[in-house]
Amino acid sequence: MAQQIEVRSRSHAELVDITAQVQQVVSQHGVATGLCHVFVPHTTAGLTLNENWDPAVRRDVLLTLDKLVPWDGDYQHGEGNSAAHVKASLMGFSHTLPVENGRLTLGSWQGIYLAEFDGPRRRRVWVSVFQT
Amino acid sequence: MAQQIEVRSRSHAELVDITAQVQQVVSQHGVATGLCHVFVPHTTAGLTLNENWDPAVRRDVLLTLDKLVPWDGDYQHGEGNSAAHVKASLMGFSHTLPVENGRLTLGSWQGIYLAEFDGPRRRRVWVSVFQT
Amino acid sequence: MAQQIEVRSRSHAELVDITAQVQQVVSQHGVATGLCHVFVPHTTAGLTLNENWDPAVRRDVLLTLDKLVPWDGDYQHGEGNSAAHVKASLMGFSHTLPVENGRLTLGSWQGIYLAEFDGPRRRRVWVSVFQT
């Protein structure tokens, strides 16, 4: 059964590092070798991986997405947050990550990010771990 | 073994709701807790999740993608549908979704969409369900 | 346990066909029916599927991404390769693919590509196969 983690975004658009929270679920689960599935049950926030070192990377990713999909545009959706829906689809809503020796194994520079595009809000992420 | 569902798109670009068809495969499969993998074996159509309520969201997603990747451009591919290939890669071709109590569990506002970018056509989606 | 394949990109931006290498891991693994998970542990290269026939498709995908996310821009990341980070997030870092009769089953025109955006470099891809 998927375990839910709670994420709090603090800006309108933000890449929130959830690596430690996902790692904690993996550690508690006890699977030695397998995969970890992360899923965001929202439509204006997505999930992505990216560099965990220089915060300027996250800033550059967000600003580039903003240029590509401006908040104000010729949109018809009444809530006015169509840009967030598009950007979430561009990042994706589910990712699957390797687990070895009971730990999430990412690349040295990779972190897992909730990609908030219509915050600040409380968000949820569902994490499942399974043996392969 | 993956089960195939048939999808018929009716426009050149369209987000076709396939949630009920995927749910049907999950229900028939009998797995209580697990994951559902959906895969599109095409290169000019992709898969995405997004809001299932206001159809204007789908319209806004499609028009924004059209502005980003115009149909007419400096393309070399002889079939003239390079824009569709790019947009499909932006959406992705496979997604994995949570299953609980024998049912697909998505967020309240999420639907699963075949993202048609070179229709109208008959398309296929392969669905697998597995226990975790 | 994931098996590592080595990929060598030869240009700054390139879609490197890794289908045969992934197929080889699947064949050696011996799973008859299941799924194959591919993961790239990098942040300036991603993974995508697309047409394996006309090389102009790959060229068109890369040039379109270059127009959307130009190499030179108003970026703050000190290494100067922010465009590669954005493009990798747009393509994604993990995909899951169907396996039947001990072979990867893709659509007729689909190939699996490492999407290099800051090469030429040696890259790694981690491949896991599991029964469903």
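How many salt bridges does the rule find across the interface of chain A and chain C? The rule, a side-chain nitrogen of Lys or Arg within 4 Å of a carboxyl oxygen of Asp or Glu, finds zero there.

## Basis

This is a predicted model, in which local features need pLDDT of at least 70 and side-chain atom pairs count only at pLDDT 80 or more, while totals for chains, interfaces and linings use all residues. Residues are numbered from 1 along each chain as its sequence is written, chains are lettered from A in the order in which they are written, and side-chain values use heavy atoms, with hydrogens and water left out.

## Interface of chains A and C

In this interface, 30 residues of chain A are in contact (heavy atoms within 4.5 Å) with 27 residues of chain C. The two chains bury about 2,400 Å² between them, 60% of it on carbon and sulfur atoms; buried area is the accessible area (1.4 Å probe) lost on being put together, summed over both parts.

## Cavities

A cavity is a set of points on a 1 Å grid over the protein atoms alone where a 1.4 Å probe fits but cannot get out; lining residues have an atom within 4 Å of a point. Volume is the space filled by probe spheres set on the points, which are joined across faces, edges and corners. The count is three cavities of 30 Å³ or more.

The largest cavity, of about 210 Å³, is lined by 22 residues, with A:Ser94, A:His95, B:Ser94, B:His95 and C:Ser94 nearest its centre.

Methods
1 Å grid on protein atoms, 1.4 Å probe; cavity = no way out; pocket = protein on both sides within 12 Å on 5 of 7 lines; lining within 4 Å.
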